Amino acid sequence: ADIRSEAGTLVNENGSWVRYNGEGKRLIKVPGNYTDLKLFAVDPEMSADWQIILLVLASILSAFGWEEYGIDRRLSGGFFTAIKAFGIAWASLYWCAACSDFVLQL
C-alpha cells in the first residue's frame with residue numbers, strides 16, 4: 001500500500017512505513033521491525049517529532065488522570081517524570097555517538 005502526498009510517498013517496507021526524501025535517503029516514519037526501530041531511535045530526522053508527541057501526551061495524561069479520575073498526584077507525576085526521563089535518554093542518543101553505536105549493535 002502506498003500513500004501519496006505533496007511531501008512524498010509513504011511506502012510499507014517490511015512492516016515499516018518509510019518515505020524517501022529528494023536525495024534518496026530512506027526516512028522511517030513508523031518502524032515496524034526491530035532493525036528499523038533501532039535506526040529510527042538514533043536519527044533525529046526520523047524520530048524527533050515522535051518525542052515531542054510522547055512528552056505532550058504524557059503531560060496531558062498525567063494531568064487528566066489526576067483531575068478526572070482522582071489518581072494520586074505522586075503517581076501521575078511519577079508517570080510523567082518516567083516518560084520525561086525516557087525522552088531525555090532517547091534524545092541523548094542523537095548527540096552521543098558511542099550510545100548510538102551501542103543501540104545499533106543490540
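Let me begin with Asn14, which sits in the loop between strand 2 (8-13) and strand 3. The model is a predicted one, in which local features need pLDDT of at least 70 and side-chain atom pairs count only at pLDDT 80 or more, while totals for chains, interfaces and linings use all residues. Residues are numbered from 1 along each chain as its sequence is written, and side-chain values use heavy atoms, with hydrogens and water left out. Helices (H or I, at least four residues) and strands (E, at least two) are DSSP runs, numbered from the N terminus.

Asn14 has a phi near 55°, a positive value in a residue other than glycine. As a general point, most residues other than glycine have a negative phi. With a relative accessibility of 68%, Asn14 counts as exposed; the cut-offs are under 20% relative accessible area for buried, over 50% for exposed and partly exposed in between, with a 1.4 Å probe and protein chains only.

Strand 3 (residues 16-20) and strand 4 (residues 26-30) run antiparallel and are joined by four bridges; two strands pair if DSSP finds at least two bridges between them. Arg19 has Leu27 of strand 4 as its bridge partner. Five residues lie between the two strands, and in this hairpin Gly24 takes a positive phi near 85°.

I turn now to the helices. Two packed helices are described by the angle between their axes and the distance between the axes. Here the axes are lines fitted to C-alpha atoms, for helices over the stretch in contact, and angles run from 0 to 180 degrees between N-to-C directions.

How do helix 1 and helix 2 cross? Their axes come within 6 Å, at an angle of roughly 80°. The two helices are therefore roughly perpendicular, since angles of 65 to 115 degrees are given that name, those under 35 being roughly parallel, those over 145 roughly antiparallel and the rest oblique. Leu39, Phe40, Ala41 and Val42 of helix 1 make the contact with Pro44, Met46, Ser47 and Trp50 of helix 2, where contact means heavy atoms within 4.5 Å. By class, this contact of helix 1 with helix 2 has seven nonpolar residues, one polar and no charged. Ala, Val, Leu, Ile, Met, Phe, Trp, Tyr, Cys and Pro count as nonpolar, Asp, Glu, Lys and Arg as charged, and the others, Gly among them, as polar.

Helix 1 (residues 34-42) also packs with helix 4 (residues 97-105), at an angle of about 170° and with the axes 9 Å apart. That makes this pair roughly antiparallel. Lys38, Leu39 and Val42 of helix 1 and Ser100, Val103 and Leu104 of helix 4 form the contact. Its residues divide into four nonpolar, one polar and one charged.

Helix 2 (residues 44-69) has 26 residues and reaches 35 Å from its first C-alpha to its last, close to the 38 Å expected at 1.5 Å a residue. The expected span is 1.5 Å times one less than the number of residues.

The contact of helix 2 with helix 3 has 15 nonpolar, seven polar and two charged residues.

Which residues of helix 2 are buried? They are Met46, Ser47, Gln51, Ala58, Ser62 and Gly65, and what covers them includes strand 4, helix 1 and helix 3 (73-95). In helix 3 the buried residues are Ser76, Ile83, Gly87, Trp90, Ala91, Leu93 and Tyr94; these pack against helix 1, helix 2 and helix 4.

Gln51, in helix 2, is buried with a relative accessible area of 11%. Neighbours within four places in sequence aside, Gln51 is in contact with Gly87, Trp90, Ala91 and Tyr94. Trp90, in helix 3, counts as buried at 12% relative accessibility. Not counting residues up to four places away in sequence, Trp90 touches Phe40, Ala41, Ser47, Trp50, Gln51 and Leu54.

Finally, Ala98 lies in helix 4 and counts as exposed at 58% relative accessibility.
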